[in-house]
Amino acid sequence: MKNTDDIWDLADRHSDRFIALSDAVFDTPETLYTEFKSVAAHREALVEQGFRITDNAGGLPTAIIGEAGEEGPVIAILGEFDALPGLSQHSGETEPRPIEDGAHGHGCGHNLFGAGALLAATALKDWIEANNIKARVRYYGCPAEEGGAAKTYMVRDGLFDDVDAAISWHPAPYLAVNQEPSLANARIDYTFHGTASHAAFEPDMGRSALDAVELMNVGVNYMREHMPDAARVHYAYMDAGGEAANVVQARARVRQLIRHPNLPGLKDLIARVDKIAEGAALMTETRMEKKVYSGVSNLLPNRPLEEAMQTAVEQLGPVPFDDKDRAFAAEIQATLPKGAVDSTLASMDYTPSAGQDISLCDFILPLDRNGVIRAGSTDVGDVSWAVPTVQLWGATWTLGTPFHTWQVVAHGKTPLAHKGMIHAAKVMAGTARMLIENPDLLASAKEAHAARLEKTPYECPIPDETKPPIVQPS
Ligand SMILES: [Zn+2]
């Protein structure tokens with residue numbers, strides 16, 4: 001087995017710079033199209049490394065693209081840098097302690113995600129230039145993954161049209177090529193318009209929009225029994241019609257988040273939810289208005305790329321964690337909910353041997369796991385419909401750490417997270433190198449992708465008239 005590669009040395013050469021980038025993004029957590037400081041930090045690193053830059057990519061003020069190399073195949077490396085609301089937490093601490101109460105925090109590790117992806121792109125750029133190779137590497141700095149579906153808009157805008165393959169990763173409590181399914185989803189706002197009236201004096205003159213929302217939710221709750229097991233519907237009241245209980249609510253809005261394992265199934269489920277909304281309007285004599293807020297597609301797997309990435313991670317070996325990392329992880333594990341470690345192991349179909357230290361994932365999971373499926377959604381799904389795509393789960397957190405928790409944020413600037421990030425960058429760069437050096441591999445990835453699309457053509461889950469909810473810099 002080969003266990004050196006100059007592209008890994010190139011990644012190591014830049015590791016301090018990109019650890020600093022990850023830490024800087026951790027310190028300025030920003031959400032949903034407001035990632036101005038985070039994108040500026042990425043821009044600075046792209047300029048330093050000599051990438052050709054496209055600002056405002058796809059009309060999104062916090063999206064950026066950096067390209068290097070000439071001619072040849074175009075390899076996309078995807079990065080994200082948005083945070084989550086309410087998850088402020090000090091890094092390196094093993095109890096919940098917000099930096100600022102109620103403030104944002106990197107609860108999905110996207111500070112590592114963006115910087116690690118840019119480190120991979122930089123190592124690849126250096127390797128292309130040092131060896132005079134005809135190939136292009138393109139870093140996609142993507143905002144608003146959490147709830148904003150920026151990549152879906154970027155795909156819709158044609159930003160991936162000339163890309164040959166896309167490589168990405170996500171921080172995780174384990175090390176594996178990502179073969180887990182993700183769910184297609186749509187966030188749809190249903191607004192009901194009724195008639196205001198004094199709720200005691202003239203109730204018969206009023207028609208309640210809030211009643212319509214409540215009846216809609218009752219309808220959706222009854223539908224749950226008759227949905228496919230893997231489908232999900234969640235809701236949030238966006239507008240309950242105001243605080244005055246003595247006024248019949250003339251308007252109310254509910255957001256339904258509808259998920260299904262595939263796009264045709266999602267479309268069918270949305271049609272059923274629409275009927276429920278229409279029924280609620282009919283029952284309450286209100287008027288219903290529907291608006292799609294965002295949507296993403298399910299991930300399409302790509303076998304040739306999965307095998308290539310598995311080869312890359314096996315050549316590199318597991319993340320070189322040390323005893324200090326393990327001691328921190330053991331302290332974090334003590335704070336996790338009961339069953340969290342077992343649940344993580346079951347999801348990845350891994351049974352530890354007797355006495356094995358399982359504070360951190362210092363092993364490599366094989367392909368074709370048969371784990372307990374837990375699926376969320378990601379806008380990488382839409383990229384995977386546009387071009388052959390592969391992702392790594394990079395081990396950056398204590399085994400058992402649930403996503404979107406203070407424990408994830410607590411890992412943010414620790415040496416163990418930095419090691420996992422650099423490791424993931426090396427796997428991505430190594431996979432890209434294989435694709436560039438082996439045109440047959442790239443061709444078979446494209447064939448597998450085309451065969452998938454032949455069965456089910458891509459249909460963007462966001463309607464043409466829906467624009468991204470961008471925020472302009474102030
Ligand atoms: Zn994430």
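Tutor: Let us begin with Arg433, whose relative accessible area is 13%; keep in mind throughout that this is a predicted model.

Student: What makes Arg433 count as buried or exposed?

Tutor: Buried means under 20% relative accessible area, and Arg433 has 13%, so Arg433 is buried.

Student: Where does Arg433 lie, and which residues does Arg433 touch?

Tutor: Arg433 lies in helix α14, and, leaving aside residues up to four places away in sequence, Arg433 touches Asp5, Asp6, Ile7, Leu124 and Trp127. With one of these, Asp5, the side chain of Arg433 makes a polar contact of 2.6 Å, and the cut-off for such a contact is 3.5 Å.

Student: Why is α14 called largely enclosed?

Tutor: Of its 23 residues, 20 are buried, so α14 is largely enclosed by the rest of the structure.

Student: What can be said of the span of helix α8?

Tutor: Helix α8, residues 263-284, has 22 residues and reaches 32 Å from its first C-alpha to its last, which is close to the 32 Å expected at 1.5 Å a residue. At the start of α8, a side-chain oxygen of Asn262 comes to within 2.8 Å of the backbone nitrogen of Gly265, while Glu285, which follows the helix, has a positive phi near 55 degrees.

Student: Which residues of α8 are buried, and what do the buried residues pack against?

Tutor: The buried residues include Leu266, Leu269, Ile270, Val273 and Ala277, and the buried residues of α8 pack against elements among which are β7 (184-193), α7 (209-223) and α12 (380-386). An α-helix has 3.6 residues a turn, so residues three or four places apart point the same way.

Student: How many aromatic pairs are there, and what makes the pair of Tyr140 and Phe160 stacked or edge-to-face?

Tutor: The structure holds 8 aromatic pairs. Tyr140 and Phe160 have ring centres 4.2 Å apart and planes at 15 degrees; since rings pair within 6.5 Å and planes under 30 degrees apart count as stacked, this pair is stacked. Tyr140 lies in strand β4 and Phe160 in the loop between α6 and β5, so the pair ties together parts that are 20 residues apart in sequence. Tyr140 is buried at 0% relative accessibility, and Phe160 is buried at 2%.

Student: Why is the pair of Trp397 and Phe403 described with another word?

Tutor: Planes over 60 degrees apart count as edge-to-face, and the planes of Trp397 and Phe403 are 80 degrees apart, with 5.0 Å centre to centre, which makes the pair edge-to-face. Trp397 is buried at 1%, whereas Phe403, at 30%, counts as partly exposed.

Student: What makes β1 and β6 edge strands of their sheet?

Tutor: The open sheet has 7 strands in the order β1-β2-β4-β3-β5-β11-β6, with mixed pairing. Both β1 (52-55) and β6 (176-177) have a single partner strand, so one side of each is left without a neighbour in the sheet. Strand β6 is joined to β11 by 2 bridges and the two run antiparallel, with Ala176 opposite Trp393 in β11.

How values were computed: Residues are numbered from 1 along each chain as its sequence is written. This is a predicted model: local features need pLDDT of at least 70, side-chain atom pairs count only at pLDDT 80 or more; totals for chains, interfaces and linings use all residues. Side-chain values use heavy atoms; hydrogens and water are left out. Rings of Phe, Tyr and Trp (its six-membered ring) pair if their centres lie within 6.5 Å; planes under 30 degrees apart count as stacked, over 60 as edge-to-face and the rest as tilted. Helices (H or I, at least four residues) and strands (E, at least two) are DSSP runs, numbered from the N terminus. Buried means under 20% relative accessible area, exposed over 50%, partly exposed in between (1.4 Å probe, protein chains only). The expected span of a helix is 1.5 Å times one less than its number of residues. Contact means heavy atoms within 4.5 Å. A polar contact is a pair of N or O atoms within 3.5 Å; within protein, one must be able to donate a hydrogen and the other to accept it, and residues adjacent in sequence count only if both atoms are side-chain atoms. Two strands pair if DSSP finds at least two bridges between them.
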